[in-house]
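Take a look at the sequence and the 3D structure below. Then read on for a guided tour.

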Amino acid sequence: MKDRPVKQSPELDRVEHTMRPMYLCAEGFLGKDPRKLIEILTEDQGTVNSLGLSHGTIAQRLKGITERARSGWGDPVVVEDKFEVEVEEARGKIPCPWGHPGLYPKTHVKLKKRETGEVLIWSDLSIHLIEEHGFYQGKGSTYRLDPPKVKRILEI
Ligand SMILES: [Zn+2]
């Protein structure tokens, strides 16, 4: 997007700082994305709007699939006849980089679409970051949930 540069608040500067690798998790939330956090948020907001979706709708879809797949206790569960989903509960918990109280389990959810073989990966924290902060993580991050890809694969 070629919008004018957006000014980033000191609060977002702090959040961005904790998202770089080695603070909250080894890999960081931003991958190799060199952009300021405010630019990532603004661009993804525009994309979600243009898809006719909201952060809430996307988060609810991810949440619903995660809940259904939890019954597999780590074994793949078939959801809606379309997806094979594995939920792995890793040890340890991780805080929200925005400083919300509470810790999120380091869940690892891996979804494979049976028809196409496409894969999406997310965690409980990913869902919170989308729902509360409109944050889909940086480009190149393992947990990046690119909105158009999420819409296509999950048929939202
Ligand atoms: Zn938060």
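## The model and its confidence

This is a predicted model; local features need pLDDT of at least 70, side-chain atom pairs count only at pLDDT 80 or more, and totals for chains, interfaces and linings use all residues. Residues are numbered from 1 along each chain as its sequence is written.

The term pLDDT is the predictor's confidence in each residue, from 0 to 100. Its mean over the chain is 90, and 92% of the residues reach 70 or more. Confidence is highest in H5, at 98, and lowest in E2, at a mean of 89.

## Overall layout

The chain has five helices and four strands. Both kinds of element are DSSP runs, numbered from the N terminus: helices are H or I with at least four residues, strands are E with at least two. Along the sequence the pattern reads α-α-α-β-β-β-β-α-α. The radius of gyration is 16 Å, close to the 15 Å that the globule rule gives for 156 residues, so the chain is as compact as a globular protein of that length. (That radius is taken over C-alpha atoms; the rule is 2.2 Å times the number of residues to the power 0.38.)

The C-alpha trace spans about 45 × 35 × 25 Å along its principal axes. Two residues are in contact if their C-beta atoms, placed from the backbone, lie within 7 Å. Among contacts between residues at least 6 apart in sequence, 51% join residues at least 24 apart.

## The cores

A residue is buried if 20 or more other C-beta atoms lie within 10 Å of its own, exposed if 12 or fewer, and partly exposed in between, with C-beta atoms placed from the backbone. Buried residues make up 25% of the 156 in the chain. A nonpolar core is a set of buried Ala, Val, Leu, Ile, Met, Phe, Trp, Tyr and Cys residues joined through C-beta atoms within 7 Å.

The largest nonpolar core has 21 residues, and Val85, Trp122 and Ile130 have the most contacts inside it. Helices H3 (55-69), H4 (124-133) and H5 (147-154) each give two or more residues to this core, as do strands E2 (83-95), E3 (103-113) and E4 (119-122). Leaving aside residues up to four places away in sequence, Trp122 touches Leu62, Val109, Ile127, Tyr143 and Leu145. Another core, of six residues, lies apart from the largest one; Val15, Met19, Leu30 and Leu37 are among its members.

## Helix H3

Ile58, Leu62, Ile65, Thr66 and Ala69 are buried in H3. Seen down the helix axis, these buried residues fall within an arc of 100°, so they line one face. The arc is that of the directions from the helix axis to the C-beta atoms. An α-helix has 3.6 residues a turn, so residues three or four places apart point the same way. The face of H3 turned away from the buried side carries exposed Gly56 and Glu67. Strand E1 (77-79), E2, E3, E4, H4 and H5 are among what covers the buried residues.

In H4 the buried residues are Asp124, Leu125, Ser126, Ile127, Leu129 and Ile130. They pack against H3, E2, E3 and E4. Gly134, with a positive phi near 60°, follows H4.

H5 buries Pro147, Val150 and Ile153. Their arc, seen down the axis, is within 135°, so they line one face of the helix. They pack against helix H2 (37-50), H3, E3 and E4.

## Residues in loops and at the end

Gln137 lies in the loop between H4 and H5. Is Gln137 buried or exposed? Gln137 has 24 other C-beta atoms within 10 Å, so it is buried. Its phi is positive, about 75°, although Gln137 is not a glycine.

Glu155 sits in the segment after H5. Glu155 also is not a glycine, yet has a positive phi of about 50°. With 11 other C-beta atoms within 10 Å, Glu155 is exposed. Asp75, in the loop between H3 and E1, counts as exposed with 9 C-beta neighbours inside 10 Å.
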